[in-house]
Amino acid sequence: MTVDPVCGMEVDPEHAKGGSFEFQGGTYHFCNPKCREKFAANPAAYLKSTTVDPVCGMEVDSPTAKGGKLEYLGNTYNFCSPKCREKFSKNPESFLKPVRAESADLRVYTCPMDPEVEQVGPGTCPKCGMALEPKDVSQEVEPARNTELESMTLRFWVGAGFSLPLLLLSMTGLGSLLPGRLEGFLEALLASPVVLWAGLPFFQRGWRSLATRNFNMFTLIGLGTAAAYLYSLAAVLAPGLFPASFRTADGSVPVYFEASAVIIALVAMGQVMELRARARTGDAIRALLGLAPKTARRVRDGVEEDVSLEDIIAGDLLRVRPGEKVPVDGLVTEGKSWVDESMLTGEPEPIEKAAGATVTGGTLNGQGSLVMRAEKVGKDTMLARIVRLVGQAQRSRAPMQKLADRAAAVFVPAVVLAALLAFVAWALVGPQPRLAHALVNAVAVLIIACPCALGLATPMSVMVGTGLGARCGVLVRDAEALEALGKVDLLLVDKTGTLTEGKPRLTGLEATAMGEGELLALLAGLEQGSEHPLARALMGGARERGLTIPAVEGFEALPGRGARGRVGGRAVALGNAALAKDLGVNLEPLAARAEELRRGGRTVMVAIVDGHAAGLAQVEDPIKASSAEALRQIRAEGIRVVMLTGDSRATAEAVARELGLDEVVAEVLPQDKAAVVERFQSQGRVVAMAGDGVNDAPALARASVGIAMGSGTDVAMESAGLTLVKGDLRGIVRALRLSRAVTRNIKQNLFFAFFYNSVGVPLAAGILYPFFGLLLSPMVAALAMSFSSVSVISNALRLRSLKL
């Protein structure tokens, strides 16, 4: 193992996700491409001739390492002292990658605030110090054992158990009844287990933040509590060392054991509350995983048996009995029933399923019995894809996060400076004992200023919001798309498969040079080499008529125009007017009839046989029942809607009239759809594009927000920022509401974080003391600091009750 010089993460050189980079004869490995990119831009800024001693974590100047160097597995390690080098040489792996038991957690963990941080097994983030959490929620419905929460809960109870009697002893005056310096020793005895054991993780994280210069909340907590505890310990063990400015009127040196111990206990309590709240953000994914049944009833050779879902393979026949969940994605082969798909789509209406219909794993069968053929199992099912997309979205960063990142970069140094200024001010002009007051107020400033709330403001809202969207049929690919959707003012909508069912059927064939059956057989033979929906319509029409479909040779698809090839020894082509023009075919005899059919909303294709127009094929794609209502709702949200299609203008305008659309951009070649998006963007529009096909992918990627239909192609889904699970445009309205709610929630969280610190730091510094004689105790500051993070998470969790 080696260390990423940018973020400080451990990296396996053989499996470095960010690759490697050569610099001045050394090879550096990175945990992700972003770290490599930062390093490549300015290696010296990250190296500064220093490395981290793998034994003690101290920074070591490489050229003058006092402990020398040691080569291990192709990497050079520098040491602060010979003792560290000796320990490392005896067992390097114990310092680089601790040996894990067979039962250890080998999942990949990541940080909610810094998603680029990843490691195998639980731990703490080297940047912010927060506990890492699993990158992918366990495939079990119940959440995995949270060892971090268990450990922190135990530390809290131990801390509280010792802190309460310590607090009573110091606050009630009972300690004054003890003879001599016994009170101080007793307080030290009670405080030490809290500070040295319960607070150990906080000091470890704080030390690591200093060693790696990734300052965070634990930097402040460590500095504040360490100062209070060490000062108090010195006051008990060697009171004669302190000058008069540290002493009270009776000559004693005040101690603050209760402050350091109670602060640790309160911080631990805050961590427990935060870890519990963070665990709830994964409820959405666990709920989705819970939709899948554990077993399926397999039908094989007339025998039915219940088997584990893991044993199902594509092609198996499965029986879905009344009231059972559909186990995997597949096709109904027998039976008839109504299936409730609301758990994936958010729509309450059950959908009728019969032979030939598709069913999705996790949906609920009604009263009928179905036999289905498994087509997609395991990680290929729609449910598994949804879980992956939700997990990916929850780790992404919204653009608003950049504001928090910039603030956090200077926040901790600014707080330390504020604490120093408070100390100096109290030491110079404060009441007696001045230095004691200065210490207490400086500690209060360090403790109350928690950058954790600032860092959590955006990711918590994104995690909860994307989980809610998934349960309502809206899959968010990344937080940037979710935030951008709220700013969209123009929606471009593809026709086929988006506004229409995407399942065209042959409604008519007019032959001019031969019989209709002969012409249809030739066209079906040509199109059997195509995956286009119009090709399937012709194939279906030929099969319905019982025609024999001949083989095709030399098939060639011509995007945006049609297809051609040789069928039965004849040159056959099928497409639009552009194709006929390319082939030099005169369409004048058929032009008027073709235009008439297009005005009726049909898609008309010209059949060309042996270089002559041979007839017209009429295909109709039914409009989705929900499209008109969806468009009305979208326009009600203040968004302009434009249909974008490669179909003829006459056909597109006929569909637009039926849907109440006024704007149509028709006869657009696939490669030109992205140019249309760009043209609207150049007019100052924030453009969203909704489509479902391979030909829509460039436009989906070019738009400010790409919206893919879940019923469409994988390429479209990969290119889009959002996916509507069932391809229903009403999902766009849900997505709009979700986007606006999440954005509003993020702004609230950022306001809470900024407002809290802008008020809390001056109060802790003692700004009210000259006017009202009020001081903020470090213990109160610790309580407020803990609740600041919890308040941000709680506000984010409110999104779970949002009605979309």
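The side chains of N795 and N749 are joined by a polar contact of 2.7 Å, a polar contact being a pair of N or O atoms within 3.5 Å in which, within protein, one must be able to donate a hydrogen and the other to accept it, with residues adjacent in sequence counting only if both atoms are side-chain atoms. This is a predicted model, in which local features need pLDDT of at least 70 and side-chain atom pairs count only at pLDDT 80 or more, whereas totals for chains, interfaces and linings use all residues. Residues are numbered from 1 along each chain as its sequence is written, and side-chain values use heavy atoms, with hydrogens and water left out.

N795 lies in helix α29 (residues 778–797), helices being DSSP runs of H or I of at least four residues and strands runs of E of at least two, numbered from the N terminus. A second polar contact, of 3.3 Å, links the side chains of N795 and Q748. Beyond four places in sequence, N795 touches N745, Q748, N749 and F752, contact meaning heavy atoms within 4.5 Å. N795 is buried, at 7% relative accessibility (buried, under 20% relative accessible area; exposed, over 50%; partly exposed, in between; 1.4 Å probe, protein chains only).

F95, in helix α4 (residues 92–96), is partly exposed, with a relative accessible area of 27%. Its C-alpha atom is separated by 6.2 Å from that of P54, 41 residues apart along the chain.

The protein chain averages a pLDDT of 79, on the predictor's per-residue confidence scale from 0 to 100. Mean confidence is lowest in helix α11 (residues 342–345), at 57, and highest in strand β14 (residues 317–320), at 93.
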